[in-house]
Amino acid sequence: MAIVPIIQQAVSEQLNKLYQVEVTPSSITVSETKPEFEGDYTVVLFALLKTLKKKPEELGNELGQALVADNGALFSAFNVIKGFLNLAISDSFWLNFLTKNYNEPAYGRQPRNGKRVMVEYSSPNTNKPLHLGHLRNNFLGWSVAEIYKANGYEVIKTCIANDRGIHICKSMIAWQLFANGATPASTGIKGDHLVGDYYVKFATELKEQMKPIKERKLAELLAAGKTQEQAEKIMDDANFKQELEKEAPIMQAAQQMLVDWEAGKPDVVELWRTMNSWVYKGFDETYKRIGSDFDKVYYESETYLLGKDLVEEGLRKKVFFLKEDGSAWVDLTAEGLDQKIVRRRDGTAVYITQDIGLAAVKQNEFNCDLSVYVVGDEQNYHFKVLKLICQKLGIAGADGIFHLSYGMVELPTGRMKTREGTVVDADDMLDEMIREAARKRTEREEEQKEKGQHKTEELSAEELKKLDETVGAGGLKFFLVRVDPQKRMIFNPEESIDLHGFTATFVQYAYARTQSVFRKELYTGTDIGTDLLPLEKELILAMERYPEIIKQAGEEMNPSVIASYVFNVAQLYNTFYFKHQILKAETPVKKELRLQINQMVAHVLKSGMALLGIQVPDRM
């Protein structure tokens, strides 16, 4: 049992014994004592003062004395600062805790609770490779899923592949126009990269075709009496641009291809299948490199018609209404939103129609208590609407729909744009990170050689390659999940592999240090004494918090909680390692104690990093 509930229970019982009042343990506020005060945990007394009619200092002293007297195995001392009772936990408690848990690799993870969670993430378009933004999405989604598992949930990881629509047709048309039959096999280019290249080529050709169209339209506006400034303002409007693009022959060809695909035209469908197969193979290679996996992949080509029957049902239930042109809408003004179309006037589905149907299909298939959608914050409105519609339709599991909204990731050079070819591909970023890891390792080796401390020469070339991949991929993942998901962030590759910064490399190095100790000597499970030095106690106290950290990360759906925690444990361990001898401890008892602390640190660091999808090497 965690220390905080134990303290709450002891305080509750003592209040009843001293003052004959019933106070539920969970209502008693207990937190870690602030560093500037003596003690380990603090009980907040203010909520009790009115009931007991006592001054803060009086209540604190009476309660503190009684707790220490009756719970000597738990509390060793106390002090009172105004309305706060600071309690020192006895060394015997921490030593018993260490003995029980130091050799438990699964420490911190909870037993199955009978609840099921679905986490949907990645959800790429099949007209381009995964990029840096997808990496943050994948790392967040995968880590949240693993954190839920650690909290005792059964987890289903899903992905929706956006494999149809005008964006796919753009790549297809450009391939027909410019590829001369090029394939991944004939070019040696990874399939998703090849298809993405033609998406960029489409944009480039569209830009060229738009030049005379824009010139003509500008002349028409000026001839109609608009000033140059007024005309340019009209031409800069996004909707105006979109309408103008429809005049370009290449855009008209893409639109016709979409019509042909929806009509099932054989040659179009065959090309679509072929190009998508190239992309899926490319995706699979990238997913394997970054450690992403899915229990179920849904395909938009198979789901885009879902929800049409639910629209009819919604019309019958008067959840939706028809406008004069025959389009179907939902009115969400009472919920602080607006009206949203759910079916076009020609009877075709819109994007949210598919999502309504897919939400119902997912729930029927897996019956989850919670359905988490990991999608960028530009879709906040969409998911508010989706949940409200599903609730109004009475779809099972609608209350459990949750949008894990996250901020975009940018580079120091600014935002990325797929159509302009300025997006950083996930594969390229991973390659760069591995090169950066190798470069920094080589620099450290040179510094160590100069000092006569060279350590990695014992590793083979293959082992060094694996080490660079582990450090590079770990640096990328850690950097992208160490920030609260809701915050936008700037990714800097060089900063992400820093042996002395808030990085995976720092934590990995601390873990490798624990393993270097065990290559020399192992613990024996013998006597570890009766007392602790301050740093020994602080490190054990930090590890006792690990189960609560996992719980907090799950409740907040926030892997950065884990990242901050493992970094802090690594910092504390490094301080402990340099201040206290482990293998040459003062006594055999102290040596055994520190070896057990060393083992528990190793388990916690490895377990915490695993929840982030990051491996920890035995040697660095």
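Which residues form one aromatic cluster? Phe93, Trp94, Phe97, Tyr107, Tyr546 and Tyr565 do. The model is predicted, so local features need pLDDT of at least 70 and side-chain atom pairs count only at pLDDT 80 or more, while totals for chains, interfaces and linings use all residues. Residues are numbered from 1 along each chain as its sequence is written, and side-chain values use heavy atoms, with hydrogens and water left out.

**Overall make-up**

- The protein chain has 23 helices and 14 strands; helices (H or I, at least four residues) and strands (E, at least two) are DSSP runs, numbered from the N terminus.
- The C-alpha trace spans about 90 × 70 × 50 Å along its principal axes.
- Of the 620 residues in the protein chain, 54% are buried; buried means under 20% relative accessible area, exposed over 50%, and partly exposed in between (1.4 Å probe, protein chains only).
- The protein chain exposes about 29600 Å², and carbon and sulfur atoms supply 50% of this area; accessible areas come from the Shrake-Rupley method with a 1.4 Å probe, and for residues only the protein chains shown count as cover.
- Among contacts (heavy atoms within 4.5 Å) between residues at least 6 apart in sequence, 74% join residues at least 24 apart.

**Nonpolar cores**

- In soluble globular proteins, nonpolar side chains tend to be buried together.
- A nonpolar core is a set of buried Ala, Val, Leu, Ile, Met, Phe, Trp, Tyr and Cys residues joined through side-chain atoms within 4.5 Å.
- The largest nonpolar core has 163 residues, of which Ile7, Leu15, Phe478 and Phe491 touch the most other members.
- Helix α22 gives this core its largest share, 11 residues.
- Leaving aside neighbours within four places in sequence, Ile7 is in contact with Val30, Tyr41, Val43, Phe75, Leu87 and Ile89.
- Another core, of 26 residues, lies apart from the largest one, and its members include Val319, Val342, Ile395 and Ala398.

**Aromatic pairs**

- A search of the whole structure finds 24 aromatic pairs; rings of Phe, Tyr and Trp (its six-membered ring) pair if their centres lie within 6.5 Å, and planes under 30 degrees apart count as stacked, over 60 as edge-to-face and the rest as tilted.
- Phe478 and Phe502 are edge-to-face because their ring planes stand at 85°, with the centres 5.4 Å apart.
- This pair links distant parts of the chain, 24 residues apart: Phe478 is in helix α18 (residues 461–481), and Phe502 is in the loop between β14 (489–490) and α19 (504–518).
- Phe478 is buried at a relative accessible area of 0%, whereas Phe502 is partly exposed at 26%.
- Tyr573 and Tyr577 make a tilted pair, because their planes are at 40° and their centres 5.9 Å apart.
- Both tyrosines, Tyr573 and Tyr577, lie in helix α22 (residues 560–579), 4 residues or about one turn of the helix apart.
- Tyr573 is buried, with 0% relative accessible area, and Tyr577 is partly exposed, with 26%.

**Charges over rings**

- A charge sits over a ring if NZ of Lys or CZ of Arg is within 6 Å of the ring centre and within 35 degrees of the ring normal.
- Arg164 lies over the face of Tyr304, 4.0 Å from the ring centre.
- Lys477 has its charged end over the ring of Trp142, 6.0 Å from the centre.

**Helix α5**

- Helix α5 (residues 132–150) has 19 residues and reaches 27 Å from its first C-alpha to its last.
- That span is close to the 27 Å expected at 1.5 Å a residue, where the expected span is 1.5 Å times one less than the number of residues.
- Helix α5 is largely enclosed by the rest of the structure, because 18 of its 19 residues are buried.
- Just after α5, Gly152 takes a positive phi of about 100°.
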